Amino acid sequence: MNERLFKARVLENTPASPGYMLISLECLEDIKRPIPGQFFMIRLCSGNDPLLRRAFSLHAWIGKNRFQILYRIKGIGTKILSEIQKGQTIDVLGPLGNGFPKRKAERHVLVAGGIGIAPLIGLAETMDEKDKLSFFMGFRTKTEAICLDRVNKMAASVSVATEDGSLGQKGTVIDILNKNLNNIKSTIIYACGPRNMLKRVSDVALRHAIDAYLSMEEYMACGLGSCLGCVIRTTQGYKRVCKEGPIFDHREIVW
Amino acid sequence: MVRVEVDIGRLHLKNPVITASGTFGYGEEYSDLVDLNRLGAIVAKGISLKPMDGNPPPRICETPCGMLNSIGLQNVGIDVFIKEKLPFLRRYDTRIIANILGNTIEEYVELAMRLDDVVDAIELNISCPNVQGGGIAFGRDLRMTEELIFSVRKAAKKTLITKLSPNVSDIGEFAKVSEASGSDALSLINTVMAMSIDIKTRRPRLFSVMGGLSGPAIRPIAVRMVWEASRVVRIPVIGMGGIMKAEDAIEFLLAGATAIAVGTANFVNPRATIEVIEGIEEFMEKGKIDNIKDLIGGLIC
Ligand SMILES: Cc1cc2nc3c(=O)[nH]c(=O)nc-3n(C[C@H](O)[C@H](O)[C@H](O)COP(=O)(O)OP(=O)(O)OC[C@H]3O[C@@H](n4cnc5c(N)ncnc54)[C@H](O)[C@@H]3O)c2cc1C
Ligand SMILES: Cc1cc2nc3c(=O)[nH]c(=O)nc-3n(C[C@H](O)[C@H](O)[C@H](O)COP(=O)(O)O)c2cc1C
Ligand code: FES
């Protein structure tokens with residue numbers, strides 16, 4: 001049986017760049033293979049503080065019952081996660097939610113803002129037509145630019161922007177997206193990043209009348225659809241990010 | 001084998017462990033993680049006559065040893081509940097309790113009448129801190145509490161449970177009035193009104209500014225209130241508030257609760273209910289306590 005609540009052993013937990021970590025996990029039970037865009041809820045404390053689990057997207061599947069999560073150290077929960085040592089076991093719930101849809105197109109455009117690159121790597125890896133992949137990545141500064149090697153190996157074209165201009169173009173990922181999105185017949189966008197970036201990706205997609213799938217975030221308690229805490233506003237009323245999402249068609253979102 | 005069955009009014013439970021309303025969805029969400037047949041009862045998410053949208057996000061935030069919520073009673077409404085949610089729950093060998101919320105006495109009465117034949121018990125939510133009107137507007141006023149319970153009592157035959165708010169100054173008074181107006185049992189506590197501020201943005205962490213605090217942070221308040229309430233009534237009390245494991249549940253039983261509900265713990269540990277049941281049995285076996293009734297109200301003081 002595929003367990004959704006399982007223990008996983010930490011194979012490694014190492015810095016990816018300052019403030020970002022990559023953790024590799026081996027599940028101690030058989031789990032359902034996650035689809036890129038799906039996520040896991042990790043319990044970081046066996047006591048009561050911090051109480052709630054933390055949500056992390058699948059970064060990459062690395063073989064039978066093994067997968068990786070790429071995370072940014074943000075507050076107390078991710079700090080605890082960053083201190084977990086190789087060999088320790090952690091309590092994981094997942095895979096949860098719906099992944100990115102598998103679609104055919106002339107061009108697949110992946111747009112990442114900061115840690116938003118995390119699920120897009122796994123997505124790119126499972127795509128069949130790597131020659132049709134274009135990556136657009138935005139970071140604050142050069143030292144935070146993660147996954148560049150992996151992206152360069154996979155994608156047909158890669159564009160990078162940093163806010164301070166220390167790497168690639170100076171500006172935001174939307175700036176470089178706007179500059180390079182010509183000839184966009186039969187293009188699909190897949191994006192993950194801060195909310196205001198996703199909103200602007202949606203604007204771009206609307207302007208060009210193309211499809212875009214966005215990985216949305218909201219505060220979560222259960223991850224299972226029971227608490228109704230994680231809703232976002234959509235054209236069909238509130239929807240739960242953990243259950244109907246986290247991947248949404250951009251046209252659905254009411255910003 | 002230890003005996004763990006308890007009775008809540010005319011409702012017989014195979015064990016005293018119940019799910020708290022709003023923390024276990026409609027059961028489906030947990031059916032692959034928890035053997036629902038093992039639960040004493042399932043209390044479904046609060047329902048109203050018409051579907052409700054609930055409050056805008058952010059609706060939850062984490063606080064020390066707890067969380068705030070202002071869901072605002074988003075629910076599918078009674079029609080969908082009866083047509084789509086109940087049939088699923090009915091497949092299991094457990095008791096189903098509906099938690100209801102109205103804006104007026106008439107709405108509560110209509111909800112109770114329509115549910116009377118299809119659920120095993122009805123829990124009157126007069127303590128939701130997250131909706132305008134209805135809910136806590138009733139639960140904070142002794143006369144309205146009395147009138148509401150009295151009216152619903154006349155309309156429904158099933159076991160009637162009144163869910164009390166901790167946001168009152170004298171819980172004992174509300175317990176007594178509930179009993180006198182015809183309630184078969186009490187459920188307490190609902191969440192504690194609370195608030196949290198992001199100091200960087202100077203904004204409240206919840207869209208609705210205030211919300212309800214739940215989780216281990218409120219457990220001592222809940223234990224105290226269960227003790228205060230159970231001392232002044234003869235009807236059974238269902239205790240809840242921050243129960244994470246069996247030891248916490250036993251504390252409530254000793255304080256006077258006949259049954260207990262697991263709420264926020266379901267989010268943190270989806271198997272919490274099962275672990276609480278097993279832990280209570282283990283505690284009884286070790287302590288040579290044959291019948292759970294020997295724990296209930298067993299506080300020495
Ligand atoms: C579906 C989904 C997938 C995610 N995938 C990733 C990922 O792959 N890599 C990664 O680094 N981060 C990811 N996040 C964000 C991650 O969950 C938060 O950064 C993390 O919860 C922060 O916890 P903390 O205790 O370190 O921070 P704190 O700020 O101390 O957290 C306080 C509370 O707020 C919640 N919270 C804070 N930020 C967020 C957020 N952005 N989204 C939801 N809840 C939040 C926490 O869970 C906690 O309950 C994802 C979020 C969601 C909803
Ligand atoms: C997200 C959430 C939703 C809730 N929804 C309801 C509800 O619909 N009706 C109700 O009577 N109580 C509701 N409650 C209150 C719980 O049933 C319970 O009384 C309270 O959370 C205290 O228990 P706990 O600390 O174990 O969670 C809700 C609580 C939470 C955290
Ligand atoms: S996190 Fe509980 S419903 Fe989505």
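Analyst: Let's start with a word: a residue is buried under 20% relative accessible area, exposed over 50% and partly exposed in between (1.4 Å probe, protein chains only). This is a predicted model, where local features need pLDDT of at least 70, side-chain atom pairs need 80 or more, and totals for chains, interfaces and linings use all residues. Residues are numbered from 1 along each chain, chains are lettered from A and ligands numbered from 1 as written, and side-chain values use heavy atoms, without hydrogens and water.

User: Is R240(A) buried or exposed?

Analyst: R240(A) has a relative accessible area of 17%, so this residue is buried. R240(A) sits in strand β15 (residues 237-240) of chain A; strands (E, at least two residues) and helices (H or I, at least four) are DSSP runs numbered from the N terminus.

User: What does R240(A) touch?

Analyst: Contact means heavy atoms within 4.5 Å. Leaving out residues up to four places away in sequence, R240(A) touches G225(A), L228(A), C230(A), V231(A), G245(A), F248(A) and E29(B).

User: Which residues come nearest to ligand 1?

Analyst: A residue is near a molecule if one of its heavy atoms lies within 4 Å of it. Of the 21 residues around ligand 1, the nearest are R54(A), A55(A), G77(A), T78(A) and E217(A). Chains A and B both supply residues around ligand 1, so the site is shared between chains. The shell holds 11 nonpolar residues, four polar and six charged. Here Ala, Val, Leu, Ile, Met, Phe, Trp, Tyr, Cys and Pro are nonpolar, Asp, Glu, Lys and Arg charged, and the others, including Gly, polar.

User: Where are the N or O atoms that lie 2.8 Å, 2.6 Å and 2.7 Å from ligand 1?

Analyst: Polar contacts here are pairs of N or O atoms within 3.5 Å. The side chain of R54(A) has such an atom 2.8 Å from an oxygen of ligand 1, and a backbone N or O atom of A55(A) is 2.6 Å from a ligand oxygen. For E217(A), a side-chain N or O atom lies 2.7 Å from a nitrogen of ligand 1. On its own, ligand 1 has 830 Å² of accessible area (Shrake-Rupley, 1.4 Å probe), and the protein covers 85% of that.

User: Which elements give two or more residues to this shell?

Analyst: They are β4 (54-57), β6 (66-72) and α1 (76-82) of chain A. The largest share, four residues, comes from β4(A).

User: How many residues of β6(A) are buried, and which strand does β6(A) pair with over seven bridges?

Analyst: Five of the seven residues in β6(A) are buried. Two strands pair if DSSP finds at least two bridges between them. Strand β2 (residues 20-27) of chain A pairs antiparallel with β6(A) over seven bridges, and I23(A) stands opposite I69(A).

Definitions and conventions: Polar contact = N/O pair within 3.5 Å; in protein donor to acceptor, adjacent residues only side chain to side chain.
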